[in-house]
Each structure stands twice: as C-alpha cells, then as structure tokens.
Amino acid sequence: MSDTVHVLNGPNLNLLGTREPGIYGAATLADVEALCHAEGAALGFAIVFRQTNSEGALVDLIQAARGARGIVLNAAAYTHTSVALRDAVAAVGVPTIEVHLSNVFAREAFRHHSFLSPVARGVICGFGPQSYVLGLRALAGLPPTP
C-alpha cells in the first residue's frame, strides 16, 4: 500500500466555474485540484488528480488506483446511473469516499440514489470544494489497508 490517494472526477466537472455556478460555485476544477494537493501534502498523501467525461475511462482510473491508500470519487452524474463504476469500486478493494460539491439530497429526486454509496466507505456532499478536503481527511482517519 502506498500513501497515494487518487482524486477522480466524472463528467462535466471540467466545466466548474462556469457551469451552473449557483449550484456548483465559482471554483474551477483547477482550484479544486490545488486544494486537494495542499490538503494532501498536509496529510502526507501524494495526490493523483484526474477528470474524464467518459464512463469507461473512469472505470479505468478506478482500476489504476489499485494498491493506493484511497480514492476520493466525484463520479458526478454517473453516481446515479453506473453499475460499472459501482462494480469497479467494489473490485479494487481500495477505501473510497464518495464526494459531491452540491447537496444531492436537496436536488432532483433522481439524484437521491447512488450506486456508489453501498460500496463506498462514506459519502460527503454539499460543502462545495471542501467536500474533497473532508474526503481526504476521512481517508487519513482510516487505518491503512494491507
């Protein structure tokens, strides 16, 4: 096991800062990445930060995290639709924290269901970019897996 944490982002998160700022805020994905690198350094983690709009590519990124200390995963809309992502998280055996910028439970009903939550160690939502920081801190509080 390494001290590497993979922070993985799904579809449309590359548009942060301009996409529905009333919901997602003004921070860009680059801002979120910088925040994750700073928090990761404070916690002693090396951060691998990735984003893709492709479901299959996100499965590949989850599989590439095998052996890592953990995954912080914002699968965005795929959270609510993808059995393939759920199966990838379950298969790799890496502690995964599901994060969301917005409070998905205060939004449309279809966002209230997550295929990922049952295989994640925890879920953090509604704190904007701080959701990622809280996810990294949650991983730091878990005992390392062999």
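Visitor: Across which strands does helix α2 lie?

Guide: Helices (H or I, at least four residues) and strands (E, at least two) are DSSP runs, numbered from the N terminus. Contact means heavy atoms within 4.5 Å. Axes are lines fitted to C-alpha atoms, for helices over the stretch in contact, and angles run from 0 to 180 degrees between N-to-C directions. Here α2 (residues 29-43) lies across β1 (4-9) and β2, and runs at about 160° to β2. This is a predicted model, in which local features need pLDDT of at least 70 and side-chain atom pairs count only at pLDDT 80 or more, while totals for chains, interfaces and linings use all residues. Residues are numbered from 1 along each chain as its sequence is written, and side-chain values use heavy atoms, with hydrogens and water left out.

Visitor: In what order do the strands form the sheet?

Guide: Two strands pair if DSSP finds at least two bridges between them. In this model five strands form an open sheet with parallel pairing, in the order β2-β1-β3-β4-β5. Its edge strands, each pairing on one side only, are β2 (46-51) and β5 (122-125). On average, neighbouring strands of the sheet are turned by 20° against each other, direction ignored.

Visitor: How many bridges join β1 to β3, and how many join β3 to β4?

Guide: Five bridges join β1 to β3, and the two run parallel. Strand β3 (residues 70-74) is joined to β4 (residues 96-100) by three bridges, again with the strands running parallel. Individual partners can be followed across the sheet: L8 has L73 of β3 as its bridge partner, and L73 in turn has E98 of β4. For I71, the bridge partner in β4 is T96.

Visitor: Are the residues of β3 buried or exposed?

Guide: Buried means under 20% relative accessible area, exposed over 50%, and partly exposed in between (1.4 Å probe, protein chains only). Five of the five residues of β3 are buried, so this strand is largely enclosed by the rest of the structure. Both of its faces are covered, with G70, V72 and N74 buried on one side and I71 and L73 on the other.

Visitor: At what angle do α2 and α5 pack?

Guide: Angles under 35 degrees count as roughly parallel, over 145 as roughly antiparallel, 65 to 115 as roughly perpendicular and the rest as oblique. The angle between α2 and α5 (residues 130-140) is about 25°, with their axes 9 Å apart. The two helices are therefore roughly parallel to each other. As to handedness, a crossing is left-handed if the near helix is turned anticlockwise from the far one by less than a right angle, and right-handed if clockwise; that of α2 and α5 is right-handed.

Visitor: Which residues make this contact?

Guide: From α2 come V32, L35, C36, E39, G40 and L43, and from α5 come Q130, Y132, V133, L136, R137 and A140.

Visitor: At what angle do α3 and α4 pack?

Guide: Helices α3 (residues 55-64) and α4 (residues 83-92) pack at about 10°, their axes 9 Å apart. That makes α3 roughly parallel to α4. The contact is made by E55, L58, V59, I62 and Q63 of α3 with A84, L85, A88, V89 and V92 of α4. These residues divide into eight nonpolar, one polar and one charged.

Visitor: What is the phi of N12, and what is that of A76?

Guide: Most residues other than glycine have a negative phi. N12, although not a glycine, has a positive phi of about 70°, and A76 has a positive phi near 55°. N12 is in the loop between β1 and α1 (21-24) and is partly exposed, with a relative accessible area of 34%. A76 lies in the loop between β3 and α4 and counts as buried at 13% relative accessibility.

Note on methods:
Nonpolar A, V, L, I, M, F, W, Y, C, P; charged D, E, K, R; others polar.
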